[in-house]
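Visitor: I am new to protein models. Could you help me learn to read one?
Guide: Gladly! Let's look at it together.

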Amino acid sequence: MSDSGLRLFVDAQPVPEFATTAFTVSPELRNAKVAIVTTAAIHRIDDDGFESTDTGYRRISRADRDLVLGHWSPNFDRTGFAVDLNVVYPIDRLEEMATEGLIGEVAENHYAFAGNQDDSVTRVRLDSGPAAARELVAAGVDVVLLTPV
Amino acid sequence: MCVLAHVLEAHGIATVSLVSVLSVAERMRPPRALYCEFPLGRPLGQPNDVEFQRDVLDRAFALLKADAGPVLNAHPVVIELETEPLSCSLPARFDPNLAPAVDEVRALRAAYDRSVKSRGGRTSVGRVVSPDAISEVVGAFVRIAEGVRWDEVGLPADPVQCAHDVRTYYEEAALSLDEAATEPGRAEAWFYDRTEAGKALLAARKEMQTQKAPFHFWFYLARGTR
């Protein structure tokens, strides 16, 4: 049992390819509004859970801490999140950085996906991803920290 | 996750990604990424270690200073997954009329409750199986291991989701039994290698393969490397 075996397995899997890399210049971090987007499938206990085919997202409020790690995969450690959700979703670290003036502002809403892809690998790219992006843009978010599980 | 980085960036949002598989980042080329060779499930590395988490974030946000991308750096610290099961003792048999795994689930309930209480009530058990129903679901996995058809045994949801709640119940119980349960991988190894429920789950997994259950439903009852 090790993560190296799983990393080798993932190495061999095909991934969506991008001919170019979009690149947005952010304002100074001390002036930026920052949000977290995670693919750890975390959600509030009363939200719908993530099925293994779910390519959608759940919105998490800045104040939410009673969160569930709902990812279906057995291939990762869960005790870290159980004792400290910041090891996956570092919301308290962002709040501290905002208090210290290192980042401008913490966004009111953050987003969780499950990292699932449909067979055509298009839904996150063309549907749910852009939908979340539009919400983040509307909220004035400048920078997103992406965390996996 | 790298797909989301491309999508968000194309919408005018700067992104920094913590990536856990280096070759994926190399192939997908997200705009800014910090490769963190930490146990999967711990992208910030160390729970309850503010200094370490802040170091990861500082290195990630520093990538925003780059004038062009893609930028891919690596965190200098490597944290390995532990493979040694916890050594905490398991409860003695109490009700000989129950399957050992079911008896064990019931005996661990106080430890699970203490664990949840210590975190202010936060638990990841209950996605499809409530704590009160864990023993019934473990009983169903025991019957599958004995040869009952997986799709006729009465599981309340698909087997993978049920197993998720069972494993989480045990791992959260372990957190109140042994301080070493916070070390990555040790509670998981204890569950599958030492507990009756974990052994029943692995036996059910083998039997489901024999019964020609869909691959997804048996394979993902445990880590793929098992």
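Visitor: Is β7(A) enclosed or open, and why?
Guide: This is a predicted model, and in it 5 of the 5 residues of β7(A) are buried, so the strand is largely enclosed by the rest of the structure.

Visitor: How should I think about the faces of a strand?
Guide: In a regular strand the side chains alternate between the two faces of the sheet. Here, A:Val143, A:Leu145 and A:Thr147 lie on one side of β7(A), with A:Val144 and A:Leu146 on the other, and all are buried, which leaves both faces covered.

Visitor: Which strands pair with β7(A)?
Guide: Within chain A, β1 (residues 33–38) pairs with β7(A) in the parallel sense over 5 bridges; there, A:Val34 has A:Val143 as its bridge partner. From chain B, β1(B) also pairs with β7(A), in the parallel sense over 4 bridges. In that pairing, B:Ser17 is the bridge partner of A:Leu146.

Visitor: How many residues are in contact between the two chains?
Guide: The size of an interface is often given as the accessible area lost when the parts come together. Here we can count residues instead: 71 of chain B are in contact with 63 of chain A. On the chain B side, α1(B) gives the largest share, 8 residues. That side divides into 37 nonpolar, 22 polar and 12 charged residues.

Conventions: Residues are numbered from 1 along each chain as its sequence is written. Chains are lettered from A and ligands numbered from 1 in the order in which they are written. This is a predicted model: local features need pLDDT of at least 70, side-chain atom pairs count only at pLDDT 80 or more; totals for chains, interfaces and linings use all residues. Two residues are in contact if their C-beta atoms, placed from the backbone, lie within 7 Å. Helices (H or I, at least four residues) and strands (E, at least two) are DSSP runs, numbered from the N terminus. Ala, Val, Leu, Ile, Met, Phe, Trp, Tyr, Cys and Pro count as nonpolar, Asp, Glu, Lys and Arg as charged, and the others, Gly among them, as polar. Two strands pair if DSSP finds at least two bridges between them. A residue is buried if 20 or more other C-beta atoms lie within 10 Å of its own, exposed if 12 or fewer, and partly exposed in between; C-beta atoms are placed from the backbone.
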